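Dear colleague,

Please find below the sequence and structure that I am handing over to you. My notes on the structure follow directly after them.

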Amino acid sequence: MKNALPPLEPPPLEPGRHALFLDFDGTLIAFAETPDGIEVSDDLHMLIDGISERFAGAMAFVTGRGIANLRSHIGERRIAMAGAHGAEWSIDGQAHETLKGEGFDDQLTAVAAFAALHDALVMEVKSGGLTLHYRRKPELEADVFAIVEQAFAGRDDFHIMPGHMMVEARRAQADKGKAIERFMKSAPFRGRVPVFLGDDVTDEFGFAPVNALGGISVRVGPGETQARYRLPDIAAVHDYLGAALKTG
Ligand SMILES: O=P(O)(O)OC[C@H]1O[C@H](O[C@H]2O[C@H](CO)[C@@H](O)[C@H](O)[C@H]2O)[C@H](O)[C@@H](O)[C@@H]1O
C-alpha cells in the first residue's frame, strides 16, 4: 500500500547487520541540467569510500545509470552495482554482466531523430534501453512521452517509465527490485537485512522486496511511496549515512 507521507525517520544503520542499497541521482547527489553535468564532491567520494568499507562490501549502487557511466563519475571503485535498473550487474567492482534481449535499433533511430530536432534534449543510450531528458526544456514533456511511447509501441519487452524530467524505455525483465533480490542471494549481502534509499518512481520497485524481507525502505523527498520511512532530502541522506561511520 502506498503512503502519501510516511513520517517515520529510518532507524540507525547497523553496518554489521544491514545490506545497504543506494540509488544515486536525487538520493546521493543533486540533479544537474544534464546527466554528465553532475560533480561528485570530495566529501561524497569520502562518504562512499567510508560506507563501503564500514559495510565490509555489503553495499551496492542500484541506479538507472549504466555502470560505465556511473563509474565515470565515481571512479573505478570495487563497489557492487546494478546499472540501467538491473539490466547491468557487477558484484566485484570490475567486470559486469549485461542482460541479453532483442535489439532496439529502430526505436533508437526514431527517438534520436526527434532528439536531433531539439538542442535542449539529451538522449542517453544504455544496454537496457534509452532515456530522453527534457530538463532544459520542460515544455517538451508531452512530446517526449509521446515519441518514446510511439517508438516502443508493440515492444512488450520494454517498459516506459517517467523519471525526474525524463522518460525512459527500459527492459521489462530488469527493475531495481529484481536487482536487490539478486544481490541478497549472494555474498556478502546474503543473510543481512536490506536497506534501500531512493527518491524516484523507479525506486518504488526496490522498496517492495525490501519490505517483504523485513528491511528498511526509505523514500528520499516527497511523493507517494510504499517505503516505510522517509528522509527529506540529499543532505539528510548524507547525515544518515555519515552517522553509520561514527557508530562503534
Ligand atoms: O536511479 P538513479 O541513480 O536515480 O538514476 C536515475 C537517472 O538519473 C540520471 O538522470 C537524472 O539526473 C540527471 C543529472 O542530475 C538529470 O539531468 C536528469 O534530469 C535526471 O533525470 C541519469 O542520467 C539517468 O540515466 C538515470 O536513469
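Y240 is part of helix α7, which spans residues 234-246; helices (H or I, at least four residues) and strands (E, at least two) are DSSP runs, numbered from the N terminus. With a relative accessible area of 10%, Y240 is buried, where buried means under 20% relative accessible area, exposed over 50%, and partly exposed in between (1.4 Å probe, protein chains only). Leaving aside residues up to four places away in sequence, Y240 touches P10, P11, P12, L13, L197, I216 and L231; contact means heavy atoms within 4.5 Å. The C-alpha atoms of Y240 and E14 are separated by 11 Å, although the two residues are 226 residues apart along the chain.

Please note that this is a predicted model, in which local features need pLDDT of at least 70 and side-chain atom pairs count only at pLDDT 80 or more, while totals for chains, interfaces and linings use all residues. Residues are numbered from 1 along each chain as its sequence is written, and side-chain values use heavy atoms, with hydrogens and water left out.

Salt bridges

E14 also takes part in a salt bridge, its side chain meeting that of R17 at 3.0 Å, N to O. A salt bridge is a side-chain nitrogen of Lys or Arg within 4 Å of a carboxyl oxygen of Asp or Glu, and the structure holds 9 of them. R17 counts as partly exposed at 43% relative accessibility, and E14 counts as partly exposed at 36%.

A second salt bridge joins D25 and R65, with the closest N and O atoms 2.6 Å apart. This pair links distant parts of the chain, 40 residues apart: D25 is in the loop between β1 and α1 (42-54), and R65 is in the loop between β2 (59-62) and α2 (67-74). Both D25 and R65 are buried.

In a further salt bridge, between D49 and R77, the closest N and O atoms are 2.5 Å apart. D49 lies in helix α1 and R77 in the loop between α2 and β3 (80-83), so the pair ties together parts that are 28 residues apart in sequence. D49 is partly exposed, at a relative accessible area of 38%, whereas R77 counts as buried at 13%.

Sheets

An open sheet of 8 strands runs in the order β5-β4-β3-β2-β1-β10-β11-β12, with mixed pairing. Two strands pair if DSSP finds at least two bridges between them.

A separate open sheet has 4 strands in the order β6-β7-β9-β8, and its pairing is antiparallel. β6 (122-126) and β8 (158-163) stand at its edges with a single partner strand each, so one side of each has no neighbour in the sheet. β8 and β9 (residues 166-171) run antiparallel and are joined by 6 bridges, with M161 opposite E168 in β9.

Helix packing

Helix α6 (residues 204-212) lies across β10 and β11 (216-220), running at about 155 degrees to β11. Axes are lines fitted to C-alpha atoms, for helices over the stretch in contact, and angles run from 0 to 180 degrees between N-to-C directions. The buried residues of α6 are E204, G206, F207, P209, V210 and N211, and what covers them includes α5, β10 and β11.

The axes of α5 (residues 176-184) and α6 come within 6 Å and cross at roughly 40 degrees. The two helices are therefore oblique to each other; angles under 35 degrees count as roughly parallel, over 145 as roughly antiparallel, 65 to 115 as roughly perpendicular and the rest as oblique. K176, G177, I180 and E181 of α5 make the contact with F205, G206, P209 and V210 of α6.

Yours sincerely
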